[in-house]
Amino acid sequence: MLSLLAYFAPARPAASIETLARSIRAPMSTAYRYVALLREFGFLMEAPGGKYALGPRALSMARAAQAALSYTELAHPVMETLSHDTGETVFLLRRVGDHAICIGRCDPVNPVRIFLELGSAVPLHVGASPKLLLAHLPPRERDAYIARYIERDPALRRNRARLHAELEHMRAHGSGITIDEITPGVWACAAPIVEHGKVVAALSVAGPAFRIGKAKRSAFEALVRNAARAVSAGIENRHGVT
């Protein structure tokens, strides 16, 4: 099915069922079934001449991908500086549905292994950046997410009140700190990236908790906040906002 979607390109904006079937080397019946399902979810729509083209959902995902790339380009110099100044790994994450996706990463000269690679997806209730993104969702969306995950995660059910309190603190405080969440033994601090007054991503620094003492943690939190503000300002300047 993904191969069928991958057929479309600027030079191939629309295609017939026959063409799509040939492109994925599948019977017509399979192509019809895939197209019907993709239409149902808004990824394809009918086009003139009995053809099909990308639908509104696919186009919105393309815009989201383009925005993510632009965030990464703007953030990269700031992330490099932050990684140099802290000596730790710096991440940029963006929410996609119920997950936070790693869209940027900068490592120091001697990085420590942290299990969050480019493209990695993490549930929104685990880790500094994901939790910060969850904290800034509208209350109704946030509560709906937690209700969905309570059914899958017994630990979340037991710690629901603590999670709510932690999210409220992150939202009010303007940053989020976690230990031992995405990677055991790792301390992480995240701050929000803001576009037009809305949190669109989270910037974080992460490293071994044993070597990041109390004084360093305070200093790192200030550096992460400043870095996130710098990226947010770059986004606003891109839009011509002064």
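Mentor: Gladly! Let's start with a pair of strands: strand β7 (residues 176-179) and β8 run antiparallel and are joined over 4 bridges. This is a predicted model, where local features need pLDDT of at least 70, side-chain atom pairs count only at pLDDT 80 or more, and totals for chains, interfaces and linings use all residues. Residues are numbered from 1 along each chain as its sequence is written, and side-chain values use heavy atoms, with hydrogens and water left out.

Trainee: What makes β7 and β8 a pair?

Mentor: Two strands pair if DSSP finds at least two bridges between them; β7 and β8 have 4 bridges, so they qualify. A strand here is a DSSP run of E with at least two residues, a helix one of H or I with at least four, numbered from the N terminus. Within this pair, threonine 178 stands opposite alanine 188 in β8. The hairpin of β7 and β8 has 6 residues between the strands, and aspartate 180 takes a positive phi near 65 degrees there.

Trainee: What joins β8 to β9?

Mentor: 10 bridges, with the two strands antiparallel. Proline 192 stands opposite alanine 202 in β9. The hairpin of β8 and β9 has 2 residues between the strands, and histidine 196 takes a positive phi near 50 degrees.

Trainee: Why is leucine 37 called partly exposed?

Mentor: Leucine 37 has a relative accessible area of 34%, which lies between 20% and 50%, so it is partly exposed. Leucine 37 sits in helix α3 (residues 28-40).

Trainee: Which residues touch the most other members of the largest nonpolar core?

Mentor: Phe91 and Leu124, in a core of 28 residues. A nonpolar core is a set of buried Ala, Val, Leu, Ile, Met, Phe, Trp, Tyr and Cys residues joined through side-chain atoms within 4.5 Å. Helix α5 gives the largest share of this core, 5 residues. A second, separate core of 25 residues includes Met79, Leu82, Cys106 and Ile193.

Trainee: And what is the strand order in the open sheet of 3 strands?

Mentor: The order is β1-β3-β2, with antiparallel pairing. The edge strands are β1 (14-15) and β2 (44-47), each pairing on one side only. Between β2 and strand β3 (residues 51-54) there are 4 bridges, and glutamate 46 stands opposite tyrosine 52 in β3.

Definitions and conventions. Buried means under 20% relative accessible area, exposed over 50%, partly exposed in between (1.4 Å probe, protein chains only).
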